[in-house]
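Please work through the exercises below with the sequence and the structure open beside you. Each task is followed by a solution that goes step by step.

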Amino acid sequence: EKASGLPSPSPPARIATTVSRLCIPVTSTNSSEASLSFEYYDMMRRLGRQQIHLVLLLLAVIALILLCGIVPFIATLNLARRTTGLDDGLIRPQHQRTTAARQINAVDDNDGEDEPSSSDVTQPVGKENNVADAEKFQEKVHADHHDPLNVVVLYADDWSFRTLGAMERALRNTNYKVPEFIKTPNIDALAKNGVLFTHNAVTTSVCSVSRATMYTGQYASVHRSPLPGDTAMFADDKWNETLFPLLHDKGGYRCGMVGKWHHAAPPGVHDTFEMWRAYFGRHYENRDGRMEHVTDLNERDAIDFLKDERRGEGRFALLVSFFAIHAEDGNPEQYRPQNRTSHLYANETVPTVNLLLFNETRSTPKTATDEHFRRLPPFLQTQRNIARERWIYRYKTPAMYQHMQKKLLRMATEVDTAVGNIVSALRERNVLDNTLVIFTADNGNLYGEHGMCEKWYPYEESLRVPLVVYDPRLPRDRRGIANDEFTLNVDLAPTILSAAKIPVPNAMQGRDVSQLYLNPRSRAWWRKEFYYEWFFGGPHDLPKSLAYVRKDAKYIVYPEHSYEELFRLSVDPYEENNTYNLTLFQTSNSLMEDVRGRFELVKSAAERGAKV
């Protein structure tokens, strides 16, 4: 163009010319030259695509690496920054003792009502205006329009929160798995017509301790009756202020107890209990020369009490204390369901967890491996650990796991059948609509998780148990709700006494859980943390363990061994990784100070008998 002296074309004209040369079929007489031109352009096009693919792949790898590193780091920062103390959101050790003393002294001056006050030990210490705002929501709702309710407590043994069909929906988007084939229709029906508490826990995961806590509404460190032979809670000045004497003496209730009491008979037992039939320990009992399954006896004795003509005379309270699904210790079979349920679950595989990422399930617990057992504190990695000893003859292999779990589930279904018949007896007597019915358990159970079995330790599977409440005061349009606040076994006695319109004694440490479904504003002041204690075992058989629990973190102390564990539950729901000494994410001194500070606070309050 320059040689010809013609004017240069504009940029759009150049682009059009180039495109036309590339797109119009070649008419040049030099075919080899045209072929080379196309090969050149084709090669460049392919090389460009390959480079783009390589760059995209490299970016994807970098993004994945960053994601794997940043997500736990962010979770750690969020956990560390959780506001639980001073203006900067952290409880500093130098402030902790004075803060704890101030709160606990304030609780000791409480007027005895079981609603929390601004000094409630579970309320974070914060800015004054935050405390003032919280006080607006701390009133208690009294359902004065109802008469005192009858009470039936269906109290199971060693029943995990996963062994209940009603929990399937609550656990659907978690890593825990409820067997879809489990048959608990009657307990599920109570939940459908009442309230399911999905985060109910025990303050000590041991049969005798938890039962004494249910009777007294107190932590073990207060009622001091952890073992079956202990009688501290029966002292006159204490026993008369516990659940059943108050129901009988203050409310005029006719009381019955059938099944597992697990302590010595209380003083004046037949003065308090119109029916007292205590038995447990074996799955088959000799009754009048005939061997009968303990669950059948529980059911029959309960219905005998309910159908007694005297039930028409005033209010009644019945404790149906099942021995199932506790194993029969010393019997090699461990679980002995009835012959009539032998067909149940025979062709099923018991799933244990949801692997959400890969959309699959496992037939043994995710943490039931040697690797996870080796992650435990060193002093638990021994067969002297009773929880490990029982794992060996119950869950050592996948086949043993399936065999034992299916028998356990059959016994659970048998308990559910008994529950259905007991509820039917209430309906036949026309008293169901003025009866508070509670289904819960004394403790949870490790089904091989962490390479252990049963309870004692403050791991999730051990301390978390089901709680279903059927309460006729609940409006029909609100029945079937689920509540995920922390409820505890210390709450049972205050809840029952409140339903009976009997004042809750100052000595009881729990709360009335009916506030969670009768008072829609109760979530503003309900507990967000709690203290766990076990301090009665040997240092090697069942070492003492104490814990501070909230939904995003769990801090465990083994005082005999000066050993600590810290689990970030928000990113580690199975409690697989103790981050106390982990330097990769450096759990942060601020987080450690936070949980230690709160631990000391709730521990001191629980041991002093304060409201929790």
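The exercises that follow concern a predicted model, and they go from the whole chain to single elements.

**Exercise 1. The chain as a whole**

Task: State how many helices and strands the protein chain has, and what share of its residues counts as buried.

Solution: Begin with the secondary structure, where the protein chain has 19 helices and 18 strands. Next take the burial, for which 53% of the 612 residues count as buried. Finally consider the contacts with a separation of 6 or more, of which 71% are accounted for by residues 24 or more positions apart.

**Exercise 2. The sheet of β15 to β18**

Task: Work out in which order the strands of this open sheet lie, and which of them stand at the edges.

Solution: The order is β15-β16-β17-β18, and the 4 strands pair in the antiparallel sense. Because β15 (530-534) and β18 (563-567) each have a single partner strand, they stand at the edges, and one side of each is left without a neighbour in the sheet. Neighbouring strands of this sheet are turned by 15° against each other on average, direction ignored.

The pairs can now be followed one by one. β15 and β16 pair over 5 bridges, and here Trp534 stands opposite Ser545 in β16. Strand β16 (residues 545-550) also pairs with strand β17 (residues 553-558) over 5 bridges, with Ala547 having Ile556 in β17 as its bridge partner and Leu546 standing opposite Val557. A hairpin of 2 residues joins β16 to β17. β17 and β18 likewise pair over 5 bridges, and the bridge partner of Tyr555 is Leu566 in β18. In the hairpin of β17 and β18 there are 4 residues between the strands, and Ser562 takes a positive phi near 50°.

**Exercise 3. Burial within the sheet**

Solution: Buried here means under 20% relative accessible area.

**Exercise 4. Helix α7 and Asn298**

Task: Determine what covers the buried residues of α7, and whether Asn298 is buried or exposed.

Solution: Helix α7 (residues 207-216) is mostly covered, with 10 of its 10 residues buried, including Arg211 and Tyr215. The cover includes the strands β1 (150-156) and β7 (316-321), as well as the helices α8 (220-223), α9 (236-239), α10 (243-249) and α17 (492-499). Just after α7, Gly217 takes a positive phi of about 70°.

Asn298 is found in helix α12 (residues 294-307). Because its relative accessible area is 0%, Asn298 is buried. Leaving aside neighbours within four places in sequence, Asn298 is in contact with Val258, Gly259, Tyr279, Val320, Ser321, Phe322 and Phe323.

**Exercise 5. A surface patch**

Task: Identify which residues form the nonpolar patch on the surface.

Solution: The patch is formed by Ile52, Val55, Leu56, Leu58, Leu59 and Ile62, which together have about 570 Å² of accessible area. To place one of them, Leu56 lies in helix α2 (residues 31-80).

How values were computed: Residues are numbered from 1 along each chain as its sequence is written. This is a predicted model: local features need pLDDT of at least 70, side-chain atom pairs count only at pLDDT 80 or more; totals for chains, interfaces and linings use all residues. Side-chain values use heavy atoms; hydrogens and water are left out. Buried means under 20% relative accessible area, exposed over 50%, partly exposed in between (1.4 Å probe, protein chains only). Contact means heavy atoms within 4.5 Å. Two strands pair if DSSP finds at least two bridges between them. Axes are lines fitted to C-alpha atoms, for helices over the stretch in contact, and angles run from 0 to 180 degrees between N-to-C directions. Patches are made of residues with over 30% relative accessible area and no salt bridge: like charges are joined within 9 Å, nonpolar side chains (Val, Leu, Ile, Met, Phe, Trp, Tyr) within 5 Å. Accessible areas come from the Shrake-Rupley method with a 1.4 Å probe; for residues, only the protein chains shown count as cover. A salt bridge is a side-chain nitrogen of Lys or Arg within 4 Å of a carboxyl oxygen of Asp or Glu.
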